[in-house]
Amino acid sequence: MMKRSAKWLARAVLDGRWTCNGALEEHLHENYRGPLPILGYSMLDRALCYANMGWRDRVLELQDGPMTVAEVIKEFGLKPFLPLYTRQENADFRLGDVVKYDGEVYRVVGRREVWPYAAPRCDDFELLLEGEDPSTFTFVGESMLDSDEEDDEEDEKI
């Protein structure tokens, strides 16, 4: 069976016609015929973000055992989706920045556009954050964060 390119799905996300998750699901169900079960969104998001961070040797614990990020990207054909998770236009926070959210410290590992028809839609972009414990991984609207550096500067003034 010949695999269909996922580039059209990535373009559809950029054009606002598909959500990131919807495009990933369409791609995997249309193309993936490998031996592994299709990954959940959380694991797909992690693999895409970690790859963009350059952490391709990082090991993810999957249902069928450990795989590196690079292996996940290759196995599931995720390469066309990588640019969707590194969006930087008008960014307040960049990949690798340390931020505070809900009193905890996180590292920004991804940034993607919020689907235009999402409701409620408070931000144009959402950040993918990883806590000090790598099992803590969450999405947050960009406006909900404080820079960890800003807090340090305020502490110095006191």
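1. **Ground rules.** Residues are numbered from 1 along each chain as its sequence is written, and side-chain values use heavy atoms, with hydrogens and water left out. Since the model is a predicted one, local features need pLDDT of at least 70 and side-chain atom pairs count only at pLDDT 80 or more, while totals for chains, interfaces and linings use all residues.

2. **The overall plan.** You can count 5 helices and 7 strands in the protein. Helices here are DSSP runs of H or I with at least four residues, strands are runs of E with at least two, and both are numbered from the N terminus. Walk along the sequence and the order reads α-α-α-β-β-α-β-β-β-β-β-α.

3. Of the 158 residues in the protein, 41% are buried. Buried means under 20% relative accessible area, exposed means over 50%, and partly exposed is in between (1.4 Å probe, protein chains only). The protein exposes about 9,100 Å², and carbon and sulfur atoms supply 48% of that area. Accessible areas come from the Shrake-Rupley method with a 1.4 Å probe, and for residues only the protein chains shown count as cover.

4. **Contacts along the chain.** Take the contacts (heavy atoms within 4.5 Å) between residues at least 6 apart in sequence: 51% of them join residues at least 24 apart.

5. **Strand 4 and its partners.** Have a look at strand 4 (104-113). With strand 3 (residues 98-101), strand 4 pairs in the antiparallel sense over 4 bridges; two strands pair if DSSP finds at least two bridges between them. Val98 has Arg107 as its bridge partner, and Val99 has Tyr106. Strand 4 also pairs in the antiparallel sense with strand 5 (residues 125-131), over 7 bridges. There, Arg112 stands opposite Glu126.

6. **Two positive phi angles.** Strands 3 and 4 form a hairpin with 2 residues between them. Asp102 is exposed, with a relative accessible area of 69%. Asn90 sits in the loop between helix 4 (69-76) and strand 3. Phi of Asn90 is also positive, near 50°, and Asn90 counts as exposed at 74% relative accessibility.

7. Leaving aside neighbours within four places in sequence, Glu130 is in contact with Tyr50, Trp55, Arg58, Tyr106, Arg107, Val109, Thr136 and Phe137. Val105 is 25 residues away from Glu130 in sequence, but their C-alpha atoms are 8.8 Å apart in space.

8. **The largest pocket.** How much space lies in the largest pocket? About 180 Å³. A pocket is an open set of points, on a 1 Å grid over the protein atoms alone, where a 1.4 Å probe fits, with protein on both sides within 12 Å along at least five of seven lines; lining residues have an atom within 4 Å of a point. Grid points are joined across faces, edges and corners, and the volume is the space filled by probe spheres set on the points.

9. **What lines that pocket.** The lining has 15 residues, with Thr19, Cys20, Glu113, Val114 and Trp115 nearest the centre. Helix 1 (7-14), helix 2 (20-31) and strand 4 are the elements that each give two or more residues to the lining. The lining divides into 8 nonpolar, 3 polar and 4 charged residues. Nonpolar covers Ala, Val, Leu, Ile, Met, Phe, Trp, Tyr, Cys and Pro; charged covers Asp, Glu, Lys and Arg; the others, Gly among them, are polar.
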